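Welcome! Take a moment to look over the sequence and the model, and then let us walk through them together.

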Amino acid sequence: MPAYEATVGPVRTDLPGSDGKQEGDPDKAAAAILTALAAERTPLRLPLGNDATDAVQAHLEAARAETLLWEKVSRSTAFDD
């Protein structure tokens, strides 16, 4: 559709050329997923690859920093003893 050419067009054009050039190895990803599924404690989320792991860790660090910054306010909502 012409309305989507500016956004979808480049993806459709470039996608075939990226095959086999991804950062991650699909065979290793499949093995990691199978390992996680077979684990005694299967993870709720399993970031695969350096970029995904870095993004999750950055998000967790930011969430922790924000929680610590607002901890006093957060805890102030409890009933008084």
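In which helix is the place of R75? R75 belongs to helix α4, made of residues 71-75. Helices here are DSSP runs of H or I with at least four residues, strands are runs of E with at least two, and both are numbered from the N terminus. R75 is exposed, because its relative accessible area is 61%; the terms used here are buried for under 20% relative accessible area, exposed for over 50%, and partly exposed in between, with a 1.4 Å probe and protein chains only. The side chain of R75 also meets that of E71 in a polar contact of 2.8 Å. A polar contact is a pair of N or O atoms within 3.5 Å; within protein, one must be able to donate a hydrogen and the other to accept it, and residues adjacent in sequence count only if both atoms are side-chain atoms.

Before going on, a word about what you are looking at. This is a predicted model, in which local features need pLDDT of at least 70 and side-chain atom pairs count only at pLDDT 80 or more, while totals for chains, interfaces and linings use all residues. Residues are numbered from 1 along each chain as its sequence is written, and side-chain values use heavy atoms, with hydrogens and water left out.

Now step back to the whole chain. The protein chain has four helices and zero strands, in the pattern α-α-α-α along the sequence. Its radius of gyration is 21 Å, well over the 12 Å that the globule rule gives for 81 residues, so the protein chain is more spread out than a compact globule. That radius is taken over C-alpha atoms, and the globule rule is 2.2 Å times the number of residues to the power 0.38. Along the principal axes, the C-alpha atoms fill a box of roughly 65 × 40 × 20 Å. Of the 81 residues, 2% count as buried.

Let us follow the chain from helix α1, residues 5-18. Its 14 residues reach 19 Å from first C-alpha to last, close to the 20 Å expected at 1.5 Å a residue; the expected span is 1.5 Å times one less than the number of residues. Helix α1 is hardly covered, with one buried residue among its 14. After α1 comes G20, whose phi is positive, near 85°.

Next is helix α2. D25 caps its N-terminal end, with a side-chain oxygen 2.8 Å from the backbone nitrogen of D27. L37, in α2, counts as exposed because its relative accessibility is 56%. A29, also placed in α2, is partly exposed, because its relative accessible area is 22%. Between A29 and P47 there are 9.8 Å from C-alpha to C-alpha, at 18 residues apart in sequence.

A29 also leads us to the largest pocket, whose lining consists of E23, G24, D25, K28, A29, L48, G49, N50 and D51. Helices α2 (26-38) and α3 (50-69) are the elements that give two or more residues to this lining.

Technical notes. On a 1 Å grid over the protein atoms alone, a cavity is a set of points where a 1.4 Å probe fits but cannot get out, and a pocket is an open set with protein on both sides within 12 Å along at least five of seven lines; lining residues have an atom within 4 Å of a point.
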